[in-house]
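Q: Please take a close look at one part of this structure. I would like to follow how exposed its residues are, what they touch and how the surroundings are built.

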Amino acid sequence: MRDVIIACDFKDKETTLNFLKKFEGLNPYVKIGMELFYGEGPDIVREIKAMGYKIFLDLKLHDIPNTVRKAMANLARLGVDMTNVHASGTVAMMEAAKQGLIEGAEGREVPILIAVTQLTSTSEETMQRDLLIPEKIENVVAHYAQNAQKAGLDGVVCSPLEAEIVKKACGTDFKTVTPGIRYPDGDKGDQARVTTPMKAREIGTDFIVVGRPITAQEDPVAAYLRVRKDFLGE
Ligand code: C5P
């Protein structure tokens with residue numbers, strides 16, 4: 001399954017719901033991040049879910065396995081479709097995360113669970129100096145992705161460049177979720193390494209996360225449909 005996920009990086013519930021009303025009937029996948037979730041609480045997820053949208057809840061959990069398991073059970077109860085953890089929390093933590101989702105799903109479809117390998121805000125130099133990981137960053141990304149796979153996760157969040165490394169290390173069925181999507185004629189904003197929806201499709205990434213190229217457009221629905229067509233060919 002491949003899809004376009006709209007990053008709903010809005011300041012509050014009202015702005016988010018007003019934006020989503022425009023997509024009634026299309027019911028896209030939307031990403032809810034920490035800002036909105038911590039500002040509005042879990043009700044924002046319940047409400048968007050009730051409107052019929054699929055939700056990627058991007059909270060990047062990282063704690064001891066027992067805590068992560070219980071937190072994940074609650075996220076599954078909320079009805080999210082996809083969520084994530086930091087792979088640096090170890091294989092044991094990721095296994096616990098998966099277990100928690102299974103428990104919370106209570107027989108319903110278990111949400112897709114993906115891992116963050118290294119944040120794209122972390123450079124190789126910072127990783128080596130601050131985190132004392134004396135490796136090339138692509139080796140770390142590949143290794144953390146393999147750990148995620150070992151723990152039974154479905155995939156990782158990564159840059160388009162890393163998607164190829166991850167697919168090579170873990171196989172094509174292991175999902176990649178890729179932000180940093182831009183059109184050549186669009187504003188790059190603060191994204192440095194970007195890729196077009198067409199290129200993302202060629203690379204074989206499974207989900208693209210698109211924010212401002214949709215949310216900041218005058219006609220966001222038309223922008224979404226353009227991205228869908230270019231990425232999914234439909
Ligand atoms: O507006 P834009 O398309 O840049 O939004 C991309 C979304 O993906 C934002 O929500 C951003 O936080 C998220 N993201 C990212 N790079 C990562 C991980 C997440 O841009 N490595």
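A: T90 counts as partly exposed because its relative accessibility is 43%; buried means under 20% relative accessible area, exposed over 50% and partly exposed in between, with a 1.4 Å probe and protein chains only. The model is predicted, so local features need pLDDT of at least 70 and side-chain atom pairs count only at pLDDT 80 or more, while totals for chains, interfaces and linings use all residues. Residues are numbered from 1 along each chain as its sequence is written, and side-chain values use heavy atoms, with hydrogens and water left out.

T90 sits in the loop between β4 and α5 (91-105). Helices (H or I, at least four residues) and strands (E, at least two) are DSSP runs, numbered from the N terminus. The phi of T90 is positive, near 90°, although T90 is a residue other than glycine. K60 is also not a glycine and has a positive phi, of about 45°. K60 belongs to strand β3, and its relative accessibility of 23% is why K60 counts as partly exposed.

Strand β3 as a whole is largely enclosed by the rest of the structure, because six of its eight residues are buried. Strands β3 (residues 54-61) and β4 (residues 82-86) pair in the parallel sense over three bridges; two strands pair if DSSP finds at least two bridges between them. Across this pairing, L57 has T83 in β4 as its bridge partner, and F56 stands opposite M82 in β4. Strands β2 and β3 run parallel and are joined by five bridges, and G33 has D58 in β3 as its bridge partner. In a regular strand, side chains alternate between the two faces of the sheet.

These strands belong to a closed barrel of eight, β1-β2-β3-β4-β5-β6-β7-β8, with parallel pairing. From one strand to the next, the twist averages 25°. Helix α11 (residues 220-232) lies across β1 (3-7) and β8 (207-210) and runs at about 145° to β1. Here axes are lines fitted to C-alpha atoms, for helices over the stretch in contact, and angles run from 0 to 180 degrees between N-to-C directions.

Now consider K31, in strand β2 (residues 29-33). K31 counts as buried because its relative accessibility is 12%. Leaving aside neighbours within four places in sequence, K31 is in contact with I5, I6, A7, C8, D9, F56, D58 and V209, where contact means heavy atoms within 4.5 Å. The side chains of K31 and D58 are joined by a polar contact of 2.8 Å. A polar contact is a pair of N or O atoms within 3.5 Å; within protein, one must be able to donate a hydrogen and the other to accept it, and residues adjacent in sequence count only if both atoms are side-chain atoms. K31 and R212 are 181 residues apart in sequence and 13 Å apart in space, C-alpha to C-alpha.

K31 and R212 are among the residues that surround the ligand, as are A7, D9 and V209; a residue is near a molecule or strand if one of its heavy atoms lies within 4 Å of it. A polar side-chain atom of T120 lies 2.6 Å from a nitrogen atom of the ligand. The protein covers 80% of the 460 Å² of accessible area that the ligand has on its own. Accessible areas come from the Shrake-Rupley method with a 1.4 Å probe, and for residues only the protein chains shown count as cover.
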